Amino acid sequence: LTIRELIESGNLELYVAQLLPADEAAAVEAAALAHPEVRAAIAEIEQSLEAYAQAQAIQPSADLKNRILEDLNTPEPSPNTAYPKRGQSLLMGLVVGLGFLSAFLLYQYFALQKNIEKAEAEKRALIDCQKSVADLKHTLDIIRHGATRAIALNGLPLAPDAKVTVYWNTEVYETYLAIQNLPPLPKGKQYQLWAIVNTKPVDAGLLTIEADTIQAMKPLEKADAFAITIEPEGGSAEPSIAQMIVLGTVTK
Amino acid sequence: LRLIKKGQDILKKPPVSDEQIIRSLLDREAQAMSLLYDKYAAALFGVVMRVVNSTEIAEEVLQDVFVKAWRNIDSYNAAKGRLFTWLLNIARNAAIDATRSKNFNRQNQSIETIVDIAAHDSTSPNPETIGLKKLTEQLPPEQQTLVDYIYFKGYTQSETAEALNIPLGTVKTRLRAAMQNLKSLF
């Protein structure tokens, strides 16, 4: 096909109409690149077509131009977000969902934390309780022990109704004290237990308990008698004999 | 009187060159679309009207065409053809797509309708195109129809041959003759 034959074939007209098969269109493009006459012929067809279309132009509505310009000012949808509204609402849903989930988990966390604290307090209380039970069991064991002597301390003229029992083990030397009745103390005063060993008073410890309970006192190897005096808070090195409340002797 | 003179000056102001419009479009200048619209909207609207035959749909299509042009100006290659040819291809495809859409109410698009539209001057014409229009009317009706089918309505050669009831082999030669005729008119 010569250049002239190509120009006169009508293929250039079909090329401008995009009606040529791909291979023939490529051939036309190659020829246009190589030959100015082909380029000029195509340009003439395009110009004629443009002039023909302009000659038959129809004015669209006056406001169409503004509508188009406004349309272009709205953001272009990107192919990745083909359904932006749906995507956004999904995202919003996800965010709200995560928010609720976080709040729920946080609530659960604190509830759990509280439960753990409660459980640990209960565990500590239980351990204390077990220890108390063990102590009490030990106290009972000692009191029931064959070598334990129960010494009744009876009220003296200062408090005739006072009554205290001292349990003293002569093998392991442990000493316990149970109050049956003791008058209330003035402020700043404390009861102190004494053992009388060879007529000399030996400190056997301060009373820290209320009535109806048992308290462990200082261990004693020897004792002839027991007495309780009222002493200033914190106890004294020597008993205040005038303030003796109860007294009991250890029977041989 | 001065206002009328000014108005005439505006009407007569030389059209902006394609190169200027393309550069403006590529630079994303605000005035670019306005220039493109002023130069080609009416011509493209005329083409689209031939296909969809409804002002409402044609305006929707035209809107689509300009949006596509704005977004795809990067793909336009001046070495391969004129700006109008590129726009015409977009417009033709968009118009054909519109006729295939579900909402399109297929209307009778007989040759008479097309000739009607071609002859009908719907709005005040650009004074410069009055002369051109007369020249166009000198183109034999069968050649006008052929050019409409091939360039504006997107008919293939065989569809054109069938519609015009002419042998397939003669479509190309008749198209060539019609375009030569057009060239001599403008």
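A crossing of two helices is left-handed if the near helix is turned anticlockwise from the far one by less than a right angle, and right-handed if clockwise. Keep that handy for the first exercise.

This is a predicted model, where local features need pLDDT of at least 70, side-chain atom pairs count only at pLDDT 80 or more, and totals for chains, interfaces and linings use all residues. Residues are numbered from 1 along each chain as its sequence is written, chains are lettered from A and ligands numbered from 1 in the order in which they are written, and side-chain values use heavy atoms, with hydrogens and water left out.

**Exercise 1.** Describe how helix H4 (residues 36–55) of chain A packs against H5(B).

*Solution.* Helices here are DSSP runs (H or I, at least four residues), and strands are too (E, at least two), numbered from the N terminus.
- Start with the geometry: the angle is about 60° and the axes are 9 Å apart. Axes are lines fitted to C-alpha atoms, for helices over the stretch in contact, and angles run from 0 to 180 degrees between N-to-C directions.
- Next, the hand: H4(A) and H5(B) cross left-handed.
- Last, the contacts (heavy atoms within 4.5 Å): A:Glu46, A:Leu49, A:Glu50 and A:Ala53 meet B:Phe84, B:Thr85 and B:Leu88.

**Exercise 2.** Classify the ring pair B:Tyr40 and B:Phe84, then do likewise for B:Tyr149 and B:Tyr155.

*Solution.* Rings of Phe, Tyr and Trp (its six-membered ring) pair if their centres lie within 6.5 Å; planes under 30 degrees apart count as stacked, over 60 as edge-to-face and the rest as tilted.
- Over all chains there are 7 aromatic pairs. In one of them, B:Tyr40 and B:Phe84 have ring centres 5.7 Å apart and planes at 35°, so this pair is tilted.
- Now place that pair: B:Tyr40 is in helix H3 (residues 32–52) of chain B and B:Phe84 in helix H5 (residues 83–100) of chain B, 44 residues apart.
- B:Tyr40 and B:Phe84 are both buried (under 20% relative accessible area; exposed is over 50%, partly exposed in between; 1.4 Å probe, protein chains only).
- B:Tyr149 and B:Tyr155 are stacked, at 4.3 Å centre to centre with 25° between the planes. B:Tyr149 is buried because its relative accessibility is 4%, whereas B:Tyr155, at 23%, is partly exposed.
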